[in-house]
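Welcome, and please take a moment with the sequence and the model before reading on.

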Amino acid sequence: ETPTNQPPVDYYGADVFRYTETADTYIMLAQPFWHWYRREGTSGLGPSTFDVRLAVSRDGKSFRRVGKRQPFLPNGPDGKFDSRFVWAMPDPVRMGDELWIYYAGMNRDHDGVLDPAASGKLLSGISRAVLRLDGFVSADAGYHGGTITTPTIRFQGQRLELNVQTSGGGCVLVEVLDENGKPLSGFSKSDARPVVGDSVRMPVAWSSGTNVGALAGRSIRLRFHMQDCKLYAFQFKE
């Protein structure tokens, strides 16, 4: 509850676009205005700043916030041009295996108060944030590891690729299960080869190789055994 009983945040707008790298996916980069505590010298509430939050939809109408409601584009450090105001501009531009997101920034807040670290100088500009392809959110595992199991899926293709970032001591082992959760012969955890590295298209292999074509069209589930890594996405390729 804020001192004035008003909500602590208002959403001023959003950049909504269809994400063409996948089917029927819409991304929202929303613009919250934050105001939730009293501060001296102003009649408004602090921090009086804007950042960018992330939401996703399958139909372009009903959106779900993702990324544990953390800032997608946070404010910059004190003293920088974007320390009080960050506003995403339409739309991300794909450049190879990166997404370039342009945004406007300013060191003056909604109440017109300049960032004190800027010594009274108004700073503003347009900058670029760089995101790995399909890197909007990730499933993260620490040193002690963890697992993620997908719902039942069917796929077409001959091989599986991961968009993943591991540490030198981390890895992902991929297990293929039947629809009842039983590991398939040749695709169990013990058959899996460790996936180690940092790539948007890291090949997955088992003791028999990389070919999963014999499972295409079948109802399966994938189980990712993860340690000290970030898993962003997976896809089947011909």
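What you are looking at is a predicted model, in which local features need pLDDT of at least 70 and side-chain atom pairs count only at pLDDT 80 or more, while totals for chains, interfaces and linings use all residues. Residues are numbered from 1 along each chain as its sequence is written, and side-chain values use heavy atoms, with hydrogens and water left out.

Together with Leu162, Val172 and Trp206, Val174 has the most contacts inside the largest nonpolar core, a group of 26 residues. Such a core is a set of buried Ala, Val, Leu, Ile, Met, Phe, Trp, Tyr and Cys residues joined through side-chain atoms within 4.5 Å. Strand 12 and strand 14 are the elements that give two or more residues to this core, and strand 12 gives the most, with eight residues. Strands are DSSP runs of E with at least two residues, numbered from the N terminus. Apart from this core lies another one, of 19 residues, among them Val52, Leu99, Tyr103 and Phe136.

Now to the open space. The largest pocket has a volume of about 1,700 Å³, where volume is the space filled by probe spheres set on grid points that are joined across faces, edges and corners. On a 1 Å grid over the protein atoms alone, a pocket is an open set of points where a 1.4 Å probe fits, with protein on both sides within 12 Å along at least five of seven lines; lining residues have an atom within 4 Å of a point. Which residues lie nearest the centre of the largest pocket? They are Asp134, Phe136, Val137, Tyr232 and Ala233, out of 49 lining residues. The largest share of the lining, nine residues, comes from strand 14. By type, the lining divides into 25 nonpolar, 13 polar and 11 charged residues; Ala, Val, Leu, Ile, Met, Phe, Trp, Tyr, Cys and Pro count as nonpolar, Asp, Glu, Lys and Arg as charged, and the others, Gly among them, as polar.

Is Arg53 buried or exposed? Arg53 has a relative accessible area of 13%, so it counts as buried: buried means under 20%, exposed over 50%, and partly exposed in between, using a 1.4 Å probe and protein chains only. Among the residues that Arg53 touches are Tyr11, Trp34, Arg69 and Phe72. A polar atom of the Arg53 side chain lies 2.6 Å from the backbone oxygen of Arg69.

Arg69 itself sits in the loop between strand 5 (64-65) and strand 6, and is exposed at 56% relative accessible area. Most residues other than glycine have a negative phi, and most peptide bonds are trans. Arg69, however, has a positive phi near 60 degrees. Asp228, in strand 14 (residues 220-237), has a positive phi too, near 50 degrees.

Finally, look for two cis peptide bonds. One joins Gly46 and Pro47, with omega about 5 degrees, and Pro47 is found in strand 3 (residues 45-50). Another joins Pro90 and Asp91, with omega about -25 degrees.

Note on methods. A polar contact is a pair of N or O atoms within 3.5 Å; within protein, one must be able to donate a hydrogen and the other to accept it, and residues adjacent in sequence count only if both atoms are side-chain atoms. Contact means heavy atoms within 4.5 Å. Helices (H or I, at least four residues) and strands (E, at least two) are DSSP runs, numbered from the N terminus. Lists of a residue's contacts leave out its neighbours within four places in sequence.
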